[in-house]
Structure formats: C-alpha cells, structure tokens
Amino acid sequence: MFFERPESGETAILVHIDFPGHNANNNPRELEELALSAGADPVEYLFGTRSDPSPKFFLGKGKVAELAELVHMHDAKLVIFDHSLSPAQERNLEREIQCRVLDRTGLILDIFAQRARTHEGKLQVELAQLEHMSTRLIRGWTHLERQKGGIGLRGPGETQLETDRRLLRARIKAITARLEKVRKQREQGRRARARAEIPTLSLVGYTNAGKSTLFNRITEADVYAADQLFATLDPTLRKLEMNDIGSVILADTVGFIRDLPHKLVESFRATLQETVEAALLLHVIDAADDERRDHIAEVMHVLHEIDADQVPMLEVYNKIDAMEGVSPKIDRDDEGNPIRVWLSAQSGEGVELLIQALQERLANDMFHDVIELDHFQGQLRAMLYKQNAVVDEQFSEEGRIRLEIKLQEKELRKILSRLDISHETFIPAREEEW
C-alpha cells in the first residue's frame, strides 16, 4: 500500500491484554467473533495482564517473544489485537515478530469495507479508512524521505511521504463533499416525510442483537440477516401501516459495538441522522446475552455521541427463545406506558405485543379530539385539511365549525405557532353546545 509490510493471510493469532481498572469487563470472545466475521482463521489466543501498555510494543518483552514463538509455530500471517495500537507500536511489533499486525480499529474498518453494499456505504467506509490511514503514513517510505538532486532526479519539491499525504487529503476532501451531497438528499427525504406527517421508528442496538431479523419479521422485508457481527451496514427503510396511527417509517441501522472507531461514527453520521431525528427508538437487546448490561451502556454511549440520547425509546428484549421460563410480555412504567417488550424475532413470539406497544407509544404523541373554529379561522381549517388531519366536520347554526382532527401533537403545535394561535385556546367542543 503506502509502505513495506509483511504479507497478510487468514491464519491469525488473537491478543487480549487486561489492564485492571481499564477494561476488566471486556469479553475476549467478541474479538474472536470479529475476526471470524472478517474472514480470519483464529488458531491461538494470547492473554496477559499489564498495569499500562508499553509505549514501544504495547506488550512487555516477554509477551512479544511469546507472540513471536506462536506466530512461528502456527505459521500465522496475521496478529490481531483487541486494542487500539499507535502507528509506532504496530510497526515495531511487525518488525519484531515478522508478521502483519492489525488493531481492533483496523479490524472493524476491514469488516465494514467487506459489508458495505451501497455507493453511500462504500464512501463512508473509505472515508473512515483514509482518515485512519493518514495517521499511519509516517511509518513507511523511510527510503524516500530525502529529496534527491541531480540530473533526471529532481522531483516536484516534495518527499514521497508529502505526496502521499497530499493525495490522501485530496481524496478525503472529495469523499466528504460527495457525502455532504448525500446528507442533503437524505435531509430532503426527511423533510418530505415530516410534511406528510410520517413518523420514523429507528432500530438501534449492539451488533448481532437481532435488529435485521426483527425488521424482516415486522415489515416482511428480505434484509440480509445473519448470526455474525455487522451483518447490516447500509440503512434500510420500509413503510408500515398501523391501526389508528397511519403510516410510519421503520429504519434498520448499523449495529454498535464497544470501542466503535470514532472516525467510523463520524463517517456514518449521515446514515445515523435517521436515528437522531426519529420519533421513537427501538433499542433491540439480546436478552440471552450475559453481557447485555455492558452492551446497553455501549449503545447509550454511541447515542450520546451522535446526540440521539434524548430521543424517546422503547426497549425490545429479543431472543427469549434462547432463555428458559421467559414468556412474551410488555413491561410498563408507573403511568402504564410501555417501556419494554420481551419477544423472539426468530420465532415471532411476542411480535404482536411490540406492535401493540408501538401503537400505544405513538398514540401518546397524537392529538385526536374535537375543536371548534369561528368562521374567520378558515386559514387554520385549510391547513388542517392540507395535513389530512380532519376526520369529520360539522357546522352549527351560528356558523361555527366543529372539526374532529387527528395528527401528531408536534405538527398541530407547528401549525398553531405559524398562525400565532395559542395552543391553550383549543378547548374540545361540548356535545351540549351543538
């Protein structure tokens, strides 16, 4: 690529080092699943404990020697660390053990590169890869860092490293501009849905929690779903018709994971905007996973990072078919509102309870009542009709208009604000007055 490195292959040694007080709760099994998802063939796991990473090798000298021995024993072509390594640490390790070294960030980026299907998804992944790579260029091309002189050897006045950096910056700038265009197109789509009063429900959750399986179950779609990390990268939207609510949009999004690379979050911000502007988040949780509490915390961390942690949420505890003695149910808060649904997307148990909970949660945001207008409030009447909010209309002998309306509470407030009308002036019409 940009520098001389050992050849890479599928046979891999995995490395997980515990730093007490830092990542004691990290599950090394997750790295194995990531490696398998990337197509690697893990043959050995190297464990260890340190108080702090070594600046030069990340590992201590003894562990480096042990790692080199494992690489030689298995003829491994790749060593994958369950941590983020500095460019210098990667290069020093590769020189010492004569094997390609990949850290957790590079591994996740590689999986994303394999899974991206749409043009937008590929652009987002390439941007994250280039930004990650730009910090590592300094490791290579050491033989070209001096500018050469003499006849036929005079260059454009920059080193190879500077050339590479300039080319990278130009490519990053071009991709960023194209993604900005995509963001604006998505924004237009969201505005169109907002004008049509179509609320968006966004599926979020830890990777492999069953979001795509649930999406397929609810929408009868055919989105790729597999028991592997990051099976879904590209967002998928489907329209649903719900009783008493009307049309809603359900969005399936990329799964989150511990230490999700920040550059990846930034690159996928256009896609994750569907989550930020959703009317309701469906947080899908693997109920059978022993580490579900840690996974919930990681999801909330990413939601906070993209400014979506204040969006209303309904928890969906999935995979109850893998648990004993757990039946489908709805958990409610003190006011009787659904806050949690237990189900199995695989078998379909409890999915009807989820639909019921969604209808209840969305209905809480609906204004469905009877209002009365005077004859001079024709502009308000016209705007309510434009929003398809009028269910029924009657006229009194005095010329007043009795309207039964049904629309999102926030949309009604927007209309009233536009016409400078106080929301409190609307008192439901009384039957005895008609």
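Is Asp307 buried or exposed? Keep that one in mind while you set up the view.

You're looking at a predicted model, where local features need pLDDT of at least 70, side-chain atom pairs count only at pLDDT 80 or more, and totals for chains, interfaces and linings use all residues. Residues are numbered from 1 along each chain as its sequence is written, and side-chain values use heavy atoms, with hydrogens and water left out.

**Stop 1**

Select strands S1 to S4. Strands here are DSSP runs of E with at least two residues, and helices are runs of H or I with at least four, numbered from the N terminus. These strands form an open sheet in the order S2-S1-S3-S4, with parallel pairing. S2 and S4 (100-102) are the edge strands, each with a single partner strand, so one side of each has no neighbour in the sheet. On average, neighbouring strands here are turned by 25° against each other, direction ignored. (Axes are lines fitted to C-alpha atoms, for helices over the stretch in contact, and angles run from 0 to 180 degrees between N-to-C directions.)

Now zoom in on S3 (residues 78-81), which runs parallel to S4 and is joined to it by 3 bridges. Two strands count as paired if DSSP finds at least two bridges between them. Click Leu78 and look for its bridge partner in S4, Arg100.

**Stop 2**

Next, pick Phe58, in the loop between S2 (41-49) and H2 (61-74). Phe58 isn't a glycine, yet its phi is positive, about 70°. Phe58 is also buried, with a relative accessible area of 4%. (Buried is under 20% relative accessible area, exposed over 50%, partly exposed in between, with a 1.4 Å probe and protein chains only.)

**Stop 1: Asp307**

Jump to the loop between helix H10 (292-305) and strand S9 (313-318), where you'll find Asp307. Asp307 is another non-glycine with a positive phi, about 65°. As for the opening question, Asp307 counts as exposed, at 56% relative accessibility.

**Stop 4**

Follow the chain into S9, which pairs in the parallel sense with S11 (residues 338-342) over 3 bridges. Val316 has Val341 in S11 as its bridge partner.

Then select S10 (residues 329-332), which pairs with S11 in the antiparallel sense over 4 bridges. Arg332 stands opposite Pro338 in S11. Finish at the hairpin of S10 and S11: there are 5 residues between the strands, and Gly336 takes a positive phi near 85°.
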